[in-house]
Amino acid sequence: MKKINKNLTPEENHVLFEKGTEIPFTGKLLHNNEKGNYACKNCGAELFSSDAKFDSGTGWPSFDDATNVKLKEDNSGGMKRTEVLCKNCGAHLGHLFNDGPTENNNRYCINSICLDFKRN
Ligand SMILES: [Zn+2]
């Protein structure tokens, strides 16, 4: 994991590099419905398309598809979960669950604070 963005806030550092979780319903991209791409706040790699975004009601931005991510088994906190990491820089993004609303069942539950939005 390499720190590329030197201008991250303490909260961004905590979530991206210490696997923190932002408080639900606080992320500024939660209700963003503009067309574009969501990129890693650390390295700028494009991770999610606005076409994959949906409202899961959980309080975190949710997507049913991703690019440039890698998945890792996460058994922290007594829960068996799948961690979602940026494939380029290894920063923590969130978790993947299999109860999504579309046919692939994917629900990428991602911290808004880990993402930068780029308009198409
Ligand atoms: Zn990255």
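Biologist: Which residue takes a positive phi in the hairpin of S6 and S7?

Modeller: Five residues lie between the two strands of this hairpin, and Gly90 has a positive phi near 85°. Strands are DSSP runs (E, at least two residues), numbered from the N terminus. The model is predicted: local features need pLDDT of at least 70 and side-chain atom pairs pLDDT 80 or more, while totals for chains, interfaces and linings use all residues. Residues are numbered from 1 along each chain as its sequence is written, and side-chain values use heavy atoms, leaving out hydrogens and water.

Biologist: How many bridges join S6 and S7?

Modeller: Two strands pair if DSSP finds at least two bridges between them. Here S6 and S7 (residues 92-97) pair in the antiparallel sense over four bridges, and Leu85 has His92 in S7 as its bridge partner. S5 (residues 69-74) is also antiparallel to S6, over six bridges, with Val69 partnered by Cys86. Six residues separate S5 and S6 in their hairpin, where Gly77 in the turn has a positive phi of about 65°.

Biologist: Which protein atoms are donors of the zinc ion?

Modeller: Donors are N, O and S atoms within 2.8 Å of the metal (3.2 Å for Na, K and Ca). The SG atoms of Cys40, Cys43, Cys86 and Cys89 lie 2.3 Å from the zinc ion. Their spacing along the chain is C-x2-C-x42-C-x2-C. Cys40 in S1 (residues 36-40) and Cys86 in S6 (residues 81-86) are 46 residues apart, so the pair links distant parts of the chain.

Biologist: What are the angles among the four donor atoms?

Modeller: Four donors count as tetrahedral if all angles lie between 85 and 135 degrees. The ideal is 109.5 degrees. The zinc site, with angles of 103 to 115°, is tetrahedral.

Biologist: Is Cys40 buried or exposed?

Modeller: Buried means under 20% relative accessible area, and exposed over 50%. Cys40 is buried at 0%, and Cys86 is buried at 0%.

Conventions: Tetrahedral: all angles 85-135°; square planar, octahedral: opposite > 155°, others 65-115°. Buried < 20%, exposed > 50% of the residue type's maximum accessible area, 1.4 Å probe, protein only.
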